[in-house]
Every structure is written in C-alpha cells, then in structure tokens.
Amino acid sequence: MTYKTDLPVMMPVAPRQPEPFLRLSLWHAVPIAALTIIAASLAFAAADDTRLSPLAVLANWIPLLLQGFVFNLAISVSAMALGTVVGAMLGLGQISPIRLMSSSSWFVTQFFRNAPWLVLLFFAMFLLPFEVSIFGLKIPFPDWFKAILGLSLPVMANVSEIVRGAVRSLPSGQWEAAESLAYTRGQTLWLVILPQCVKRMLPPWMNLYSILTMATVLASIVGVSEVMTLTGRALSAEGGRPELLAPFYGFVLLLFFAYCYPIARFTVHLEKKFAVIT
Amino acid sequence: MSWTPSDPMVSIRDVHKSFGALKVLNGVSLDVMKGDVICIIGPSGSGKSTLIRCVNALNDIQQGSILVEGQEVNDPNLDKLELRKKVGMVFQQYNLFPHKTALQNVMMAPVRVLKQDKAKAEGTARALLKKVRLEGKEDAFPGELSGGQQQRVAIARSLAMQPDVILFDEVTAALDPETVGEVLQTIKDLAEDGMTCILVTHEMGFAREVADHIYFTDRGVIVEHGPPKTFFDNAQDPRTKEFLSQIL
C-alpha cells in the first residue's frame with residue numbers, strides 16, 4: 001500500500017545543479033555597459049559640443065586610474081598582512097588562561113571592532129607624526145604608510161575575533177584529548193587546535209579582505225593618491241564636465257567589482273568545500 | 001612514605017565534587033590495584049564519568065584525596081603533565097585529531113611529549129595499530145574510519161604513551177551496535193595483557209566478563225560493589241536491584 005503525500009520530506013531529493021564558479025554570464029555585462037554608455041551619451045548629447053566623447057576621455061585617463069587602483073590594492077594587501085599578524089596575536093591573547101591577558105586583549109578587540117573605520121583612519125593620519133627619529137635616524141611616515149596603519153586597526157580587531165571564534169568553535173573534546181595525552185597548552189594550541197582552525201578561518205578572513213579592499217577608497221578623504229583621489233583630479237583636469245562623472249566613477253566601480261567579486265565567489269566555494277569535510 | 005607496586009595504583013578517598021550547586025560526587029572511595037580491571041556502572045548522572053575524569057585531573061575535586069601511584073592529584077602544585085603520562089584516557093566521542101592520519105594520531109604524543117625518536121615511535125605506532133587490528137588503515141584519516149575503527153585508533157593512541165592505567169569513559173556508548181564488539185574485544189585483550197583499566201560502561205555482559213570488581217554508583221556515592229558474580233547474581237541494595245532489573 002502506498003500513501004500519497006506532498007510533505008517535502010517525502011519527496012525525492014532533487015539533485016543540486018553544480019554552479020559555475022563565477023555565476024556571471026556575458027548577459028550580466030550588457031545592462032551595466034548599456035547603462036554607462038546611455039548615461040554618458042545622454043549627458044554628452046545634452047552638452048552639444050565638439051570636444052572628445054566621454055569614453056574617449058576616459059580611455060586617455062585609464063592608465064593613470066589603473067595605477068591608482070594598484071596603489072589601493074597595495075594598501076589593502078599591506079593593511080591585511082599587518083592586521084592579520086597583530087590580530088592573530090590579539091586573538092590568541094583573548095583565549096589566554098591568564099586573566100589580565102585575555103581581558104585586555106578582549107578590550108582592545110572590542111574597542112577597535114566597534115569603531116568607524118574612517119575615524120580610525122583620521123586618528124592614524126592626524127595623530128601620527130610625519131616622521132619619527134630613533135637614535136638620531138629619521139624615519140618618515142608618509143601618508144600612505146599612515147593609511148595602512150589606520151586601516152590595519154579594524155582589520156586587526158576583526159581577525160582577533162575570527163581567531164577567537166574559530167578556536168571556540170572546536171569541540172572541547174579536542175582540548176581534553178590533547179590534555180590527557182600530556183600535551184602542554186602551547187603544544188595543544190599549535191599541534192591540535194590551530195591547524196584545525198585555519199580552514200574555519202579562511203572564508204571569514206577572505207571576506208574581511210574584500211571589505212578592506214573596498215574601504216581603501218576612504219584614504220582619498222585624507223589625501224592619499226589612490227584611485228578615487230586620481231579620479232577626482234582627472235575630472236577637474238578635464239574642466240569638471242558633468243557628463244564625465246558617470247563613466248569615470250562607473251569605471252572605478254567596475255574595477256572594484258572585477259577584483260572583489262571573484263574573491264567573494266572563491267570564499268563561497270571554500271565554505272562549501274570545508275562544510276563537507278570539516 | 002613512598003609508593004610501591006604492592007600499594008593501590010589508584011586510591012580514591014572520600015572524594016567530593018560539585019558543579020556549582022549540583023553535588024556530583026558525595027564521598028566516593030575505591031582502590032585499584034595494578035593489573036585490576038574495574039567497571040563503574042550506574043544510572044546516568046550518577047557521577048561515574050566525573051569520577052574518572054578526576055583521576056587524570058580533567059576535573060578538579062573540592063574535597064578528598066586521589067592518589068595515583070602515591071602522587072596526590074588534589075594538590076594545587078600537581079604536575080599535571082607527569083600525572084597524565086601515567087594515566088591514559090579513551091573518550092566516548094573518540095576525539096581523534098581529524099587533521100592527522102591514524103598513524104600520526106598514535107605517534108604524535110610519543111614524539112612531541114615523550115621526545116621519542118621518530119622512527120622508533122612510528123615502529124611502535126604501527127605495532128599498536130596492528131594490535132588493535134587496524135593494519136592497513138595507518139594512512140586513513142579519522143573521517144574515513146567507522147566509529148569502531150576510530151575508537152580502536154584512540155585506544156592505540158592512549159597505549160602509545162605507555163600509561164600505567166587507562167580510563168575508559170563510556171567508550172562504546174556512541175558506537176553502532178555492530179562495531180561495539182570489536183572495541184570490547186580490544187579492551188579485553190588489554191585486560192588479559194595485564195593493563196590496569198578503569199571503565200565506565202553500560203555493557204553489563206562485558207563488565208561481568210572482564211571486570212575483577214564492579215562498583216555501582218548512584219547520586220554521587222558508591223552504593224554497592226563486589227566481584228562480578230556476587231554483584232550481578234546476589235545484589236543486596238534495593239537501588240542496585242532496581243537498576244539491574246531495568247537493564248538486564
């Protein structure tokens with residue numbers, strides 16, 4: 001005898017279609033390109049003059065804008081590296097059995113995690129001297145260096161939480177097994193706990209990196225010559241033509257999208273992969 | 001006063017332990033001689049697991065004394081590492097290290113903790129895996145092994161430290177019924193080799209077969225104890241009788 005039911009749990013399992021890695025097709029590019037061109041030409045037609053078309057102007061500036069974008073990436077990579085190293089130490093501090101250590105690491109983490117990135121950047125910009133002298137040796141602190149320091153602060157706090165969360169997410173049995181085999185705390189951490197945490201930390205860490213990359217444009221506010229600053233300068237060099245705004249800023253948007261979107265997709269890919277293995 | 005092998009290997013005296021307001025152990029005493037196999041049985045929440053976790057200082061106790069080869073466990077200056085080299089432990093959830101192969105799981109502690117030569121430790125580890133009948137699974141990761149196989153790796157991992165006594169905390173409770181037998185057989189082999197074992201178990205048939213002595217705990221005290229035959233066939237206390245009637 002068979003029962004008829006439409007309970008979802010009784011339905012045959014639908015095979016899941018594997019997704020293409022980028023989930024993007026050429027079709028997605030059409031509306032974006034169309035929008036840019038229409039906006040540009042509408043504005044151009046309205047302006048009714050004989051100067052170069054907006055896209056031609058943009059083409060002239062692209063090499064410089066790309067240079068600026070590479071500078072953004074350099075800032076993001078450096079701030080990420082610095083923030084990760086310091087943040088990892090802070091995260092380990094948070095799980096330290098020494099109370100003073102854990103509570104102070106916790107406080108520093110919470111303080112910087114709950115601060116606006118722009119405010120931290122301003123602090124780094126205007127509170128750090130333009131140079132320091134150590135033993136008579138003058139080390140200059142250029143703006144870009146201060147921007148890296150400023151942006152690495154929130155990264156540090158977030159990495160600290162990622163480390164703490166990953167360590168806490170492991171079953172306590174792993175600690176107990178290692179302890180009952182007479183491992184010291186350090187050995188337990190380095191040989192048993194942290195190697196298992198790396199996989200868990202990778203997706204949120206990459207997520208953080210993409211957020212940081214997008215936040216590097218904040219440095220334009222404090223005068224670092226990154227892509228947004230250069231775009232602004234290019235626009236004013238072209239006499240502030242309003243029809244240039246859409247193609248120029250649209251180009252910058254596309255640059256960030258082209259860089260960050262694959263990272264986001266790769267993160268999803270890793271999350272799926274690690275979800276199966278654990 | 002120093003410990004000699006004719007003294008109890010583990011001597012538990014009037015141990016009290018509570019988690020907050022919850023009293024888990026209410027004055028437990030028992031002795032385990034070298035080569036003894038003792039089984040602790042009792043209803044859930046009666047403090048069995050807590051008791052053996054106190055023996056290797058995974059849990060601390062509030063009152064009383066636990067001597068392991070004459071070394072006081074209830075001592076703030078206790079060298080936990082030294083204690084744990086003598087006392088092995090096998091868990092209900094196996095707790096193998098999932099990022100290491102079976103062989104690495106077994107040889108890691110001897111190399112890192114006992115500073116054994118790597119080649120020597122590997123030889124011992126392979127022999128131990130063979131002893132627990134897992135030859136050919138050396139390079140398998142825990143996730144690729146069945147529950148019973150993982151638990152046998154965990155037993156080999158504990159043996160590799162050459163402990164004087166091994167604690168088994170409900171080691172078959174999480175296993176599929178068809179793999180319980182292989183793990184119990186492994187423990188039985190150990191018992192026959194003269195390994196001192198303290199087991200918390202729900203496997204009554206097994207307890208009857210391998211134990212030298214059975215302890216029945218309820219609400220944090222030992223209600224009754226004795227050799228298996230007397231215990232199972234001639235229980236005196238009404239609580240023991242009730243428990244046995246429910247379970248047998």
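Axes are lines fitted to C-alpha atoms, for helices over the stretch in contact, and angles between them run from 0 to 180 degrees between N-to-C directions. In the predicted model, the axes of helix 3 (residues 99–113) of chain A and helix 5 (residues 143–169) of chain A come within 8 Å and cross at roughly 125°. Helix 3 of chain A is therefore oblique to helix 5 of chain A. The crossing of these two helices is left-handed. On the side of helix 3 of chain A, the contact is made by A:Thr109, A:Phe112 and A:Arg113. Helix 5 of chain A contributes A:Leu153, A:Pro154, A:Met156, A:Ala157, A:Asn158, A:Ser160 and A:Glu161. By class, the contact of helix 3 of chain A with helix 5 of chain A holds five nonpolar, three polar and two charged residues.

Two further helix pairs of chain A involve helix 2 (residues 54–94). With helix 7 (residues 185–215) of chain A, helix 2 of chain A packs at an angle of about 135°, the axes being 9 Å apart. The two helices are therefore oblique to each other, and helix 2 of chain A passes helix 7 of chain A in a right-handed crossing. Helix 2 of chain A takes part through A:Ser76, A:Ala79 and A:Met80, and helix 7 of chain A through A:Tyr209, A:Leu212 and A:Thr213. Four nonpolar and two polar residues form the contact of helix 2 of chain A with helix 7 of chain A, with no charged residues.

With helix 8 of chain A, the axis of helix 2 of chain A comes within 8 Å, at a crossing angle of roughly 155°. An angle over 145 degrees counts as roughly antiparallel, and helix 2 of chain A is therefore roughly antiparallel to helix 8 of chain A. The residues of helix 2 of chain A that meet helix 8 of chain A are A:Trp61, A:Leu64, A:Leu65, A:Gly68, A:Phe69 and A:Asn72. Their counterparts in helix 8 of chain A are A:Val227, A:Leu230, A:Thr231 and A:Ala234. This contact of helix 2 of chain A with helix 8 of chain A divides into seven nonpolar, three polar and no charged residues.

The loop between helix 7 and helix 8 (227–237) of chain A contains A:Leu218. Because A:Leu218 has 20 C-beta neighbours inside 10 Å, this residue counts as buried. Residues up to four places away in sequence aside, A:Leu218 touches A:Trp117, A:Leu118 and A:Leu121. The C-alpha atom of A:Leu218 is separated by 9.2 Å from that of A:Leu151, which lies 67 residues away along the chain.

At the level of the whole chain, chain A has nine helices and two strands, arranged along the sequence in the pattern α-α-α-α-β-β-α-α-α-α-α. The radius of gyration of chain A is 25 Å, whereas a compact globule of 278 residues would have a value near 19 Å. The C-alpha trace of chain A spans about 85 × 80 × 25 Å along its principal axes. Of the 278 residues in chain A, 28% are buried. Among contacts in chain A with a separation of 6 or more, 75% join residues 24 or more positions apart.

Chain B comprises nine helices and ten strands. Its radius of gyration is 18 Å, close to the 18 Å that the globule rule gives for 248 residues, so chain B is as compact as a globular protein of that length. Taken along the principal axes, the C-alpha atoms of chain B fill a box of roughly 55 × 45 × 35 Å. Buried residues account for 44% of the 248 residues in chain B. Of the contacts in chain B between residues at least 6 apart in sequence, 65% join residues at least 24 apart.

The contact between the chains takes 15 residues from chain A and 17 residues from chain B. On the side of chain A that touches chain B, the elements giving two or more residues are helix 6 (172–180) and helix 7 of chain A. Helix 6 of chain A supplies the largest share of that side, six residues. The residues of the side of chain A that touches chain B comprise seven nonpolar, six polar and two charged.

Helix 3 (residues 102–112) of chain B is mostly covered, with eight of its eleven residues buried. The buried residues of helix 3 of chain B are B:Ala102, B:Leu103, B:Asn105, B:Val106, B:Met107, B:Met108, B:Ala109 and B:Pro110. These buried residues pack against helix 7 of chain A together with helix 4 (118–131) and helix 5 (147–159) of chain B.

How values were computed: Residues are numbered from 1 along each chain as its sequence is written. Chains are lettered from A and ligands numbered from 1 in the order in which they are written. This is a predicted model: local features need pLDDT of at least 70, side-chain atom pairs count only at pLDDT 80 or more; totals for chains, interfaces and linings use all residues. Helices (H or I, at least four residues) and strands (E, at least two) are DSSP runs, numbered from the N terminus. Angles under 35 degrees count as roughly parallel, over 145 as roughly antiparallel, 65 to 115 as roughly perpendicular and the rest as oblique. A crossing is left-handed if the near helix is turned anticlockwise from the far one by less than a right angle, and right-handed if clockwise. Two residues are in contact if their C-beta atoms, placed from the backbone, lie within 7 Å. Ala, Val, Leu, Ile, Met, Phe, Trp, Tyr, Cys and Pro count as nonpolar, Asp, Glu, Lys and Arg as charged, and the others, Gly among them, as polar. The radius of gyration is taken over C-alpha atoms; the globule rule is 2.2 Å times the number of residues to the power 0.38. A residue is buried if 20 or more other C-beta atoms lie within 10 Å of its own, exposed if 12 or fewer, and partly exposed in between; C-beta atoms are placed from the backbone.
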